[in-house]
Amino acid sequence: MTTLLLVDDEKNIIELERLYLEREGYKIETAVDGQSALDKFHSVKPAAIILDLMLPGIDGLEVCRRVRQESDVPILMLTARDQDVDKIVGLELGADDYLTKPFNPRELVARVKAIFRRVSPAPKTQRLSVGDLTVDLDRREVTVGTLKIYLRTKEFDLLAVLAQNPGIVLTRDRLLEIAWGYDFAGETRTVDVHVAHLRKKLAGAKTQIETISGVGYKLVG
């Protein structure tokens with residue numbers, strides 16, 4: 001069974017999540033604070049983490065940061081704060097998605113399923129080259145010249161979409177639709193955050209992601 005780690009200091013939230021997720025066949029482990037979340041992460045090695053932002057002791061953002069130092073396990077962050085800054089910080093620290101409390105438990109289940117679809121291995125296809133950038137879709141590897149560039153799952157997915165459409169301007173909505181999936185309920189700001197990450201990792205490459213003001217992005221070599 002696929003194991004999920006639920007982290008929240010509100011027991012009623014934990015039990016609501018458990019009820020709906022166990023119905024879908026997931027095995028559930030729980031933690032009520034940041035330190036126990038980190039301990040469970042190391043001992044259980046869950047397939048995904050549903051992580052509340054507001055936790056006693058070590059908060060959710062710090063838990064996310066520490067997990068990301070050693071693992072690409074999918075993280076769905078929950079926040080009671082409906083503020084863009086919290087969502088953006090969570091995404092920049094490596095969260096895969098976020099959901100604002102109060103939430104519909106059916107949407108939570110849908111988000112979890114969508115995350116697993118996005119991180120599933122892509123079908124083998126081909127190697128793409130744009131300028132000095134090579135994207136190997138079979139091995140999910142990226143190189144600039146002979147230098148290997150290490151990308152997280154969604155960074156790779158986003159770059160692959162751009163590399164499959166070199167020189168073509170893709171809107172943020174279109175990039176969300178292809179790289180994240182039709183049922184992704186996040187905002188277009190998600191694309192901007194991941195483009196910023198990619199630009200840092202591709203610094204020095206001749207191939208660049210260009211911003212087309214008011215429209216979206218394109219990859220040029």
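1. Strand 7 (residues 133-136) pairs with strand 8 (residues 141-144) in the antiparallel sense, over four bridges. Strands here are DSSP runs of E, at least two residues, and helices are runs of H or I, at least four residues, both numbered from the N terminus. Two strands pair if DSSP finds at least two bridges between them. Threonine 134 stands opposite threonine 143 of strand 8.

2. This is a predicted model: local features need pLDDT of at least 70, side-chain atom pairs count only at pLDDT 80 or more, and totals for chains, interfaces and linings use all residues. Residues are numbered from 1 along each chain as its sequence is written, and side-chain values use heavy atoms, with hydrogens and water left out.

3. The sheet is open, with four strands in the order 6-7-8-9 and antiparallel pairing. Strand 6 (127-130) and strand 9 (147-149) are the edges; each has a single partner strand, so one side of each lacks a neighbour in the sheet. From one strand to the next, the twist averages 25°.

4. Helix 6 (residues 153-164) packs on the sheet and touches strand 6, strand 7 and strand 8. Contact means heavy atoms within 4.5 Å. The direction of helix 6 makes about 115° with that of strand 7. Axes are lines fitted to C-alpha atoms, for helices over the stretch in contact; angles run from 0 to 180 degrees between N-to-C directions.

5. Aspartate 192 lies in helix 8 (residues 189-201). Its relative accessibility is 18%, so aspartate 192 counts as buried (under 20% relative accessible area, 1.4 Å probe, protein chains only). Leaving aside residues up to four places away in sequence, aspartate 192 touches Arg172 and Tyr217.

How values were computed: Buried means under 20% relative accessible area, exposed over 50%, partly exposed in between (1.4 Å probe, protein chains only).
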